[in-house]
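Biologist: Could we go through this model together? I would like to take its sheets and helix contacts in turn.

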Amino acid sequence: MKADIFLGIDMGSTGLKAVAFEAGTGATLAASGGALPYAHLPGGGCELSADAIEAALMQALRGVAEQLGPRVADIRALCCTGHGAGLYALDGQGRLLEGRAVASTDQRASGRARALAARWGDALYQEVGCRPWAGQSSLLAAQLFDGDTGGHRVIRRLLFAKDYLSFLLCGEIATDASDASTAGLLSLQSGEWSALAFEAAGLSDLMIRALPPLVPAGTVIGRLLPARAAACGLPAGLPVAMGAIDLLASLSAVGAVKSGHAVAVFGTWCVNAVVAPAREPKPEVGAIVRHGPPGERLYLENSPSSMANVAWLARTLQFADAAAVVDCAMSVPLGAEGLRFLPFINGGGVAAGAIAGFVGLKGHHGRAHMARAVVDAVAALHAWHLRRHAARGLGVPGRVAALGGGARDPRLVRLLAGFLGHAVERCGDDETGARGAAGHAALSQGLRADEALPVRCVTVEPEAGTGQAHAEFHAGFEALIGSMAPAFEHLSRPAR
């Protein structure tokens, strides 16, 4: 008897992939997908066309179906996950407004976010668990569809990345608490949409007509439409389950939700998370997310760019890919002979107006020094956020897992371990988001996700004999970031 198969679809900030996992072994049976053609616009815009999303989704599903062959009949359910916030706004015909989605790394609402934070920041943190930030769905809607004069009324439905994929596949509209809460739109206390969040953004009327119902992750919300099934080669009527935001899907995939240890996600975003019981008073962290059980919270320490810094350098200095950046970086010692990088290519979560830049650049520095400075800073920023969690008693002491595309390279994980001063677990491959989504698909069919789709982790130790050097570098990194706040503020002021 052949084992059941569960399908997870993951739409991140750079690509979309579909992965089929075998129940019982957790083995990857098929995987397909590729990069998404995000357009980088003046003023910090980052958009993706509706046609590109649909094409990438169907191509990934066809690829999986072709690889599975006759075993496609063993798929029992599918589920989607994706990056949080951003803007997926639908018109009255169920199409993305202006034919495009907006990524969570979009910076065009930065000024609006700073102004809103000055007025509403503390109240919003208590209500929804985060202060205003540029990539929030509400702020992007107000910025791009002129919330000040009512232009946002063209929005008929407000979704998130995973929900838009599910809508394309089954025609049903719904979301879950993890996406709504990460976007700062959910009351931590009630678990319902927050009137204060929409009022602060000037979008109170969206609550009346545009918000989807909240459904628990692992719930069947619809069935694969016959036309979609025929186009991609999957069984018609396949159950489509509600998923969770990609971070929570990844945490679920590696068991961090149950164990409570910290997780660093080396993705486009610098994400550092711990699942722990709700606390009052609320600890001062980057964000607090309500995702499921009323007494449990997801505590986040994030910045908008982790591997995005490496991708920028690869694009700008014409490296073949991120791995080539790391290869070049490792030809230079830690510290890049005095060159430092501020790793905020998409903005920062450490200070208002944080931006990227090299500090200490001299004539003897070359391409390899720049690569090393970027790689050092990416790992150091993760360690900076993780130390903030630990200082607040969040997470199991000495236990951190590294996930995401960057964690495929053990050298980055070893660098993080050096900055933290203890071993770091490197879990599975970089398909943990899709694995977590497949786990929610399994849950929708009455199975326990951790038993249906087990994952293996390996331990990465710090490089021997480098403890003092890593500690000194990280102390200097923290001091540099702290000293840059006035410069960030100065540079964020509009030019006169």
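Predicted model: local features only at pLDDT ≥ 70, side-chain atom pairs only at ≥ 80, totals over all residues.

Biologist: How do strand 5 and strand 8 run, and how many bridges join them?

Modeller: Strand 5 (residues 45–49) and strand 8 run antiparallel, joined by three bridges. Within that pairing, L48 has A101 of strand 8 as its bridge partner.

Biologist: What sheet do they belong to, and in what order do the strands come?

Modeller: They belong to an open sheet of three strands in the order 4-5-8, with antiparallel pairing. Strand 4 (39–41) and strand 8 (100–102) each have a single partner strand, so one side of each has no neighbour in the sheet. Averaged over this sheet and ignoring direction, neighbouring strands are turned by 35° against each other.

Biologist: In what sense do strand 1 and strand 2 pair?

Modeller: Strand 1 (residues 5–11) and strand 2 (residues 15–22) pair in the antiparallel sense, over seven bridges. As one example, L7 stands opposite A20 in strand 2.

Biologist: A detail on strand 3, where S32 lies. Is S32 buried or exposed?

Modeller: S32 counts as buried because its relative accessibility is 18%, and the cut-off for buried is under 20%.

Biologist: Which residues does S32 touch?

Modeller: Leaving aside residues up to four places away in sequence, S32 touches L16, K17, A18, Q59, A60, G63, V64 and Q67.

Biologist: Changing topic: what is the angle between helix 2 and helix 3?

Modeller: Helix 2 (residues 110–128) and helix 3 (residues 137–144) pack at about 120°, and their axes are 10 Å apart. That angle is why helix 2 is described as oblique to helix 3. The crossing of the two helices is right-handed.

Biologist: Which residues make the contact?

Modeller: From helix 2 they are R112, A113 and L116, and from helix 3 they are L139, A142 and Q143. By class, the contact of helix 2 with helix 3 has four nonpolar residues, one polar and one charged.

Biologist: What about helix 12 and helix 13: at what angle do they cross?

Modeller: Their axes cross at roughly 110° and come within 8 Å. Helix 12 is therefore roughly perpendicular to helix 13. On the helix 12 side the contact involves V325, V326, C328 and A329, and on the helix 13 side R367, A368, A371, R372 and V375. The contact of helix 12 with helix 13 divides into seven nonpolar, no polar and two charged residues.

Biologist: Next, helix 11. Which of its residues are buried?

Modeller: In helix 11 (residues 307–316), M307, A308, N309, V310, L313 and A314 are buried. The elements covering them include strand 12, helix 12 (322–329), strand 16 (340–342), strand 17 (357–359), helix 13 (367–391) and helix 14 (410–420). Helix 11 is followed by Q318, whose phi is positive, near 60°.

Biologist: You mention strand 12. How many of its residues are buried?

Modeller: Five of the five residues of strand 12 (residues 262–266) are buried. Both faces are covered, with A262, A264 and F266 on one side and V263 and V265 on the other.

Biologist: And which strands pair with strand 12?

Modeller: Strand 18 (residues 400–403) pairs with strand 12 in the parallel sense over four bridges, and A262 stands opposite V400 there. Strand 13 (residues 270–277) runs antiparallel to strand 12, with four bridges between them. In that pairing V265 stands opposite V271, and a hairpin of three residues joins strand 12 to strand 13.

Terms used:
Residues numbered from 1 in each chain as written. Heavy atoms only, no water. Buried < 20%, exposed > 50% of the residue type's maximum accessible area, 1.4 Å probe, protein only. Pairing = 2+ DSSP bridges. Axes fitted to C-alpha atoms, helices over the stretch in contact; angles between N-to-C directions. Parallel < 35°, antiparallel > 145°, perpendicular 65-115°, else oblique. Left-handed = near helix turned anticlockwise from the far one by under 90°. Contact = heavy atoms within 4.5 Å. Nonpolar A, V, L, I, M, F, W, Y, C, P; charged D, E, K, R; others polar.
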